[in-house]
Amino acid sequence: MKSMYHLTVRGYELDSFGHVNNAVYLQYAEAAKWDFFSRCGVLEKMQEQGYFPVVLENQLRYMHELRMLDTVQIETTWKCGNSITEYVHIMRNEKTGQVACKVSGKLVYVNQERIICDIPDFIRQQMERTEHED
């Protein structure tokens, strides 16, 4: 499954060298994740049924800097296993086409008792359905 998200770098996200602070890339990854969950209808269903995604790990690779007002395209590839969803966010400067950062990671779903569970069928089905619509 793939999803796409776009954003513009804001001034308060910059470090003293004038490029995006390293920690901000994780915020970009989170924004892309929540946007996808919202657009494909998973977020609403998770809230109704009492599930919540929890990040297990993230690995970042910085490749090129982003600067204020750069437009960023985040293309995400999603892969569902039994209980783990793997993702890779590729963050690209839309103007130059350069990949700025790659964030790969894993998440699980927990229920209301905070117990890790297999990926609920409704989540898997919504995500797979969205893949065919994009």
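Colleague: What volume does the largest cavity have?
Modeller: The largest cavity has a volume of about 40 Å³. Please keep in mind that this is a predicted model.

Colleague: And how many cavities of 30 Å³ or more does a search of the whole structure find?
Modeller: The search finds 1 cavity of 30 Å³ or more.

Colleague: Which residues line the largest cavity?
Modeller: The lining consists of Leu26, Ala29, Glu30, Lys33, Asn58, Tyr87 and His89.

Colleague: Which element gives the most to that lining?
Modeller: Helix α1 gives the most, with 4 residues. Both α1 and β4, which spans 85–93, supply at least two residues each.

Colleague: How many residues of the lining are nonpolar, polar and charged?
Modeller: By class, 3 residues of the lining are nonpolar, 2 are polar and 2 are charged.

Colleague: Let us turn to the helices. At what angle do the axes of α1 and α2 cross?
Modeller: The axes of α1, residues 24–39, and α2, residues 42–49, cross at roughly 80° and come within 5 Å. An angle of 65 to 115 degrees counts as roughly perpendicular, so α1 is roughly perpendicular to α2.

Colleague: Which residues make the contact?
Modeller: On the α1 side, Trp34, Phe37 and Ser38 take part, and on the α2 side, Val42, Leu43 and Met46 do.

Colleague: What classes of residue does the contact of α1 with α2 have?
Modeller: This contact has 5 nonpolar residues and 1 polar residue, with no charged residues. The lining of the largest cavity, for its part, has 2 charged residues.

Definitions and conventions. Residues numbered from 1 in each chain as written. Predicted model: local features only at pLDDT ≥ 70, side-chain atom pairs only at ≥ 80, totals over all residues. Heavy atoms only, no water. Axes fitted to C-alpha atoms, helices over the stretch in contact; angles between N-to-C directions. Parallel < 35°, antiparallel > 145°, perpendicular 65-115°, else oblique. Contact = heavy atoms within 4.5 Å. Nonpolar A, V, L, I, M, F, W, Y, C, P; charged D, E, K, R; others polar. 1 Å grid on protein atoms, 1.4 Å probe; cavity = no way out; pocket = protein on both sides within 12 Å on 5 of 7 lines; lining within 4 Å. Points joined across faces, edges and corners; volume = space filled by probe spheres on them.
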